Amino acid sequence: MRGAVMYAPGDVRVEERSDPRIVKPTDAIIRLSATCVCGSDLWPYRGVENLPWPAPMGHEYAGIVEEVGSEVTTIKPGQFVIGSFFASDNTCEICQAGYQSSCIHRHGVGQEGAQAERLRLPLADGTLVATPEVPADDLVPSLLAASDVLGTGWFGAVAAEVGPGKTVAVVGDGAVGLLAVLAAKQLGAERIIAMSRHEPRQQLAREYGATDIVEERGDDGVAKIKELTNGLGAHSVVEAVGTQESMMQAIRATRAGGHVGYVGVAHGVELPGEELFFSHVHLYGGPAPVRRFLPELIDLIWNRQIDPGKVFDLELPLEQAAAGYEAMDKRQAIKVLLRP
Ligand SMILES: [Zn+2]
């Protein structure tokens, strides 16, 4: 089969990879209807993070089940399924508490490489959620978004305790940040401030429910949020970048007693203890337990109540994955959908 492999920073190739096979009786094999490039794939692409090169790439997926192992009971060939970037049993104590991305048996789907024609999913019964029927084509991008960016943005909003009457600020205007805006709207936020300096992203943020846009970043961005909130800061801030600057921007834009939900994968972030101590800000985040939210999110998409697939503003054949990485790296595209 064809699949994307990263050989070194900036070097993505689509090449022949061996077809995935059932390895354990709890596995499933799916044929991907769509896959995509993640903002987090840009960390190794930019040389910020090392991978065991050459590395198969991709951890977001939606597609049709082709084959299941002998111990798989709920997932059946022919179903259209979505799952998270961590496979999980969904039965251990950690999963039952809603933290499937820390499952005691978790397995990173990225190791299997989802930017490909087919994919092996471990722990199929725990990991995969089937749609009621095979979806119409126009729903596929939104269902694919549920695999990571929607679930991650949603968790960011939940972690930041977004709710009715609250003012929410979102740091980061990538797909996760934009979908945190969508989540904040769905969860009843009164005011949603998107921090973005890119016009097309501002426009999508507004479509998703942003009431205000702040273009400034760093200390200036914090000052602007304070100005919009009677000097107090936002109740809830979603951090969807993962740098020192964005994390501090999120913490400082939050009012005393408020909550930061951080879902940007932290790279080199160090928190100042003394400032945190006196801030009275709640910090909570991590790799989103997307599996917890999947049934609810799939339902919202199926009933066309939300349209998270709009974050895909470039669609390419899988063969052109390298161009997809480049477009996201240069911020020419918010998120790139790949068709195997
Ligand atoms: Zn588990």
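Author: We take the labels one by one, and the model is a predicted one.

Reader: Start with Ser-84. Why is Ser-84 called buried?

Author: Buried means under 20% relative accessible area. Ser-84 has 3%, so the label applies.

Reader: Where does Ser-84 lie?

Author: Ser-84 is in a loop, between strand 6 (80-82) and strand 7 (86-87).

Reader: Which residues is Ser-84 in contact with, leaving aside its neighbours within four places in sequence?

Author: Tyr-61, Val-109, Thr-127, Ser-147, Val-290, Arg-291 and Leu-294. Contact here means heavy atoms within 4.5 Å.

Reader: What makes the Ser-84 side chain and the backbone nitrogen of Phe-86 a polar contact?

Author: The cut-off for the N or O pair is 3.5 Å. The backbone nitrogen of Phe-86 lies 3.2 Å from a polar atom of the Ser-84 side chain.

Reader: Now Thr-229. Where is Thr-229 found, and is it buried or exposed?

Author: Thr-229 is in the loop between helix 8 (218-228) and strand 14 (234-239). Its relative accessible area is 5%, so Thr-229 is buried.

Reader: What lies 2.7 Å from a polar atom of the Thr-229 side chain?

Author: The backbone oxygen of Ile-225. Not counting residues up to four places away in sequence, Thr-229 also touches Thr-167, Ala-234 and Arg-255.

Reader: On to charges. How many salt bridges does a search of the whole structure find?

Author: The search finds 20.

Reader: How do you know that Arg-118 and Glu-66 form a salt bridge?

Author: The cut-off is 4 Å, from a side-chain nitrogen of Lys or Arg to a carboxyl oxygen of Asp or Glu. In the Arg-118 and Glu-66 pair, the closest N and O atoms are 2.8 Å apart, so the pair qualifies.

Reader: Why say that this pair ties together parts that are apart in sequence?

Author: Arg-118 lies in strand 9 (residues 118-121) and Glu-66 in strand 5 (residues 61-68), so the parts tied together are 52 residues apart in sequence.

Reader: Which residues are linked with Glu-66 and Arg-118 in a network of salt bridges?

Author: Asp-19 and Arg-31.

Reader: What makes Arg-339 and Glu-315 a salt bridge?

Author: Their side chains meet at 2.8 Å, N to O. The pair links distant parts of the chain, with Arg-339 in strand 18 (residues 335-339) and Glu-315 in strand 17 (residues 312-317), 24 residues apart.

Reader: What about Glu-326 and Lys-330?

Author: Their side chains meet in a salt bridge at 2.7 Å, N to O. Glu-326 is partly exposed at 36%. Lys-330 is partly exposed at 48%.

Reader: Last, the second largest pocket. What is its volume, and which residues are closest to its centre?

Author: The volume is about 160 Å³. Of the 13 residues lining this pocket, the closest to its centre are Arg-17, Ser-18, Asp-19, Pro-20 and Glu-112.

Reader: How do the lining residues of the second largest pocket divide?

Author: Four are nonpolar, three polar and six charged. Asp, Glu, Lys and Arg count as charged.

Methods:
Residues numbered from 1 in each chain as written. Predicted model: local features only at pLDDT ≥ 70, side-chain atom pairs only at ≥ 80, totals over all residues. Heavy atoms only, no water. Helix = DSSP H or I, 4+ residues; strand = E, 2+ residues; numbered from the N terminus. Buried < 20%, exposed > 50% of the residue type's maximum accessible area, 1.4 Å probe, protein only. Polar contact = N/O pair within 3.5 Å; in protein donor to acceptor, adjacent residues only side chain to side chain. 1 Å grid on protein atoms, 1.4 Å probe; cavity = no way out; pocket = protein on both sides within 12 Å on 5 of 7 lines; lining within 4 Å. Points joined across faces, edges and corners; volume = space filled by probe spheres on them.
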